[in-house]
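Hello, here is the model I promised to pass on. Please open it first, then read my notes below.

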Amino acid sequence: MSKVTLNLRGMHCASCANSIQSATRSISGVVSSNVNFATEEVAVEFDEKKTSTSAIQKIIKDIGYEAILPDQVDGDSDKKARLTENQDLTRKVWVGAVIGVILVIGSLPMMTGLQIPLIPEWLHNRWFQLAIALPVQLWCGSSFYIGAWKAFKNHTATMDTLIALGTLAAFSYSITVTLNPTFFISQGLQPEVYYEVSVIVITLILLGKLFENRAKGETSDAIRKLIGLQAKTARVLRDGKESDIPIEDVQINDIVLVRPGEKIPVDGEAIAGNSTVDESMVTGESIPIEKKVGDRVIGATMNKSGSLQIKALHLGKDSVLSQIVELVKDAQGSKAPIQRLADQVTGWFVPVVISIAIATFIIWFEIMGNITLATISAVGVLIIACPCALGLAAPTSIMVGTGKGAENGILIKDAGSLELAHKIQTIVLDKTGTLTEGKPVVTDVFALNKNDDELLKLVAAIERNSEHPLAEAVVNYAKQKDITIPEVTEFMAIAGSGVQGKVDNSLVQIGTRRWMDELKIDTNEIHQYQDSWETGGKTVVLVAVDNVASGLIGIADKLKPSSQTAVVALQRMKIEVVILTGDNQSTAEAIAREVGIKRVFAGVRPDQKVAKIRELQAEGKVVAMVGDGINDAPALAQADVGLAIGTGTDVAIAASDITLISGDLQGIVTAIQLSRATISNIQQNLFFAFIYNVAGIPIAAGILYPLFGWLLNPIIAGGAMALSSLSVVTNALRLRNFRPSSINL
């Protein structure tokens with residue numbers, strides 16, 4: 001299967017998006033197709049044996065739109081094209097506004113029934129009004145008529161169809177009156193023209209489109225800000241000479257020099273110098289991070305205090321910043337489940353509105369016998385209906401919300417994850433590397449029948465072959481004590497239990513009490529030490545040599561500074577917090593007491609973590625899992641929402657729905673707060689869009705006329721339509737003011 005995302009051109013409304021979606025889904029070999037009206041993109045998954053990207057592009061072109069591959073879109077030219085479009089809209093709005101004002105002034109006598117001396121006779125002459133209205137109809141309104149014709153040829157109907165029908169009805173009626181006024185007089189009707197209705201409606205809708213385009217542009221600010229973080233040049237050291245070169249010319253393994261106050265241009269490893277680096281623009285972490293030789297640095301972050309020499313390791317699309325940009329783009333282009341209702345409504349919206357307009361005309365003509373009244377009411381129905389507000393309600397909020405997430409060091413894979421996060425009832429936290437720093441240190445060593453250093457030498461020899469953080473702590477401790485570490489043979493790791501191997505022909509086994517019991521090794525002599533250390537929150541590993549208990553080692557891992565604050569914040573948000581760890585019950589409970597967690601699953605092997613997540617889900621809860629290791633990946637995938645610590649493994653990050661780049665647990669709180677704010681914003685938008693259409697269409701049809709004798713002027717209907725989409729986009733932009741709430745303990 002292949003997947004392609006294409007940039008779309010020529011869409012005017014959400015109904016256009018539905019037309020493209022239907023056309024692409026009908027192609028043989030297409031598995032799925034989703035059009036995002038707000039981002040003007042279509043994501044298509046297809047079987048490359050049955051169809052191709054070019055075939056998909058052709059189908060889209062055949063129905064009157066254009067589909068372009070992202071790498072064919074030049075950022076500057078695309079920006080210029082949008083600027084040109086807005087300039088064209090501005091010119092049309094000004095022309096329409098000037099002519100519209102003239103027509104309204106000329107129509108005041110007809111509207112008011114009064115003779116106004118200051119208005120010259122020729123200004124309300126029907127032929128004069130036709131002459132000045134015609135350019136607006138043909139030039140300013142051309143895009144609506146072209147769009148309506150495309151939709152007609154494809155057997156669909158869009159917002160362009162509604163506008164074209166409404167304005168043409170008012171314009172055609174007025175031309176008929178202009179050409180044959182005696183017919184209307186013979187029918188007992190006033191020969192009144194409504195050129196101003198058509199002109200003002202076209203102008204107002206174009207004005208709304210102009211404002212909407214500008215506002216939609218602001219929803220993409222996050223992407224532009226991220227791209228703008230990239231350095232333009234880098235100072236490299238080649239053949240002993242320093243030179244400034246474009247960032248595109250930097251190569252893997254180049255030595256890049258960074259002075260204090262300069263932006264780090266590439267992802268790499270510090271090979272000389274030390275400094276502090278402000279990574280807030282990428283991770284959301286406000287406190288500068290100390291960097292020394294051997295530490296990784298991220299391109300686009302700011303070097304603060306010292307000079308660094310960096311070996312370039314990841315460039316272009318492989319850089320952290322580029323991957324963040326791509327993730328944000330993917331998330332912004334995805335659809336949230338809450339959007340499905342709006343999409344369904346938009347699909348049948350236009351045909352229903354046309355049917356209501358026809359029924360309105362027939363009813364009013366039959367009741368009143370007045371073709372003028374019937375026409376104006378039908379025009380009002382066509383003009384006031386707005387599928388765009390429904391189509392924009394969710395995507396615009398998603399665009400802003402995922403962008404704000406990136407600003408706060410939270411990468412959200414798709415809109416579904418962002419929506420589901422606001423429903424989380426239980427959060428499951430891994431202990432090591434999630435609640436704790438993930439940098440354990442040896443605190444105690446106790447040997448039964450050897451001295452401590454001899455025991456440590458055997459344990460370090462075995463653990464040097466393991467990648468577990470606890471193993472690293474033991475090896476580092478042995479090195480600090482200048483212990484010579486011997487070679488190991490027959491090394492073996494037993495998942496969730498321990499490790500073993502032979503050192504100087506002795507079998508050394510290191511692991512949990514449960515494993516020692518399974519091996520039938522008597523460890524009663526050291527249980528008192530183990531229990532005491534574990535009660536203090538230390539992790540204890542037992543050591544057996546040649547199947548005889550020989551001692552134990554205590555290892556402590558400090559809590560992250562943010563852990564307790566984050567747990568309290570989550571609990572205040574009415575979310576249950578659970579620890580899930582492979583560590584023993586006593587150690588896990590000691591950590592739980594320290595941070596205020598009441599529910600603990602301890603001694604859980606990696607293959608059992610998924611089952612524990614399922615247990616919680618079986619209780620009817622929406623469960624989130626937070627982890628950082630390879631052994632957390634299955635549980636992250638099983639959870640309703642998986643949150644990976646960005647400082648963890650690539651496997652865990654790939655299996656998650658949300659990534660916390662900085663590793664700070666406050667990011668969990670921020671992610672949920674952001675989800676709640678975004679979904680609330682979408683719900684507001686949908687409410688505005690539905691209420692607007694549900695109330696506006698009946699009013700335009702004349703439902704209030706029998707009670708109050710009041711009919712909606714099509715000009716007001718046009719203005720309301722123009723403002724509806726703008727109000728939805730503007731409301732979505734309020735999310736840019738989102739700030740995570742701080743918690744005081």
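Start at D254. This residue is buried, at 9% relative accessibility. (Buried means under 20% relative accessible area, exposed means over 50%, and partly exposed lies in between, with a 1.4 Å probe and protein chains only.)

Before you go on, two points about the source. This is a predicted model, in which local features need pLDDT of at least 70 and side-chain atom pairs count only at pLDDT 80 or more, while totals for chains, interfaces and linings use all residues. Residues are numbered from 1 along each chain as its sequence is written, and side-chain values use heavy atoms, without hydrogens and water.

Salt bridges

What does D254 pair with through its side chain? Its partner is R238, and the two meet in a salt bridge at 2.5 Å, N to O. (A salt bridge is a side-chain nitrogen of Lys or Arg within 4 Å of a carboxyl oxygen of Asp or Glu.) R238 sits in strand β5 (residues 233-238), and D254 in the loop between β6 (241-246) and β7 (255-258), so the bridge ties together parts 16 residues apart in sequence. (Helices, H or I of at least four residues, and strands, E of at least two, are DSSP runs numbered from the N terminus.) D254 is buried, but R238 is partly exposed at 31%.

How many salt bridges does the whole structure hold? The search finds 19.

Look next at E242 and R259. Their side chains form a salt bridge at 3.7 Å, N to O. E242 is in strand β6 and R259 is in the loop between β7 and β8 (267-273), so this pair ties together parts 17 residues apart in sequence. R259 is partly exposed, at 41% relative accessibility.

Now go to K481 and D453. They meet in a salt bridge at 3.2 Å, N to O. The pair links distant parts of the chain, 28 residues apart: K481 in the loop between α18 (469-480) and β17 (489-494), and D453 in helix α17 (residues 452-463). K481 has a relative accessible area of 37% and is partly exposed. D453 is partly exposed too, at 35%.

There is also a network. Salt bridges link E576, R599, E619 and K621.

Distances along and across the chain

Then try G228, in helix α9 (residues 221-229). It is partly exposed, with a relative accessible area of 41%. G228 and A300 are 72 residues apart along the chain, and their C-alpha atoms are separated by 9.0 Å.

Cavities

Where is there space inside? The search finds two cavities of 30 Å³ or more. (On a 1 Å grid over the protein atoms alone, a cavity is a set of points where a 1.4 Å probe fits but cannot get out; lining residues have an atom within 4 Å of a point. Points are joined across faces, edges and corners, and a volume is the space filled by probe spheres set on them.) The second largest cavity holds about 40 Å³. G10, H12, C16, Y65, G147, K150, T158 and D160 line the second largest cavity.

Select each group in the viewer as you read.

Conventions. 1 Å grid on protein atoms, 1.4 Å probe; cavity = no way out; pocket = protein on both sides within 12 Å on 5 of 7 lines; lining within 4 Å.
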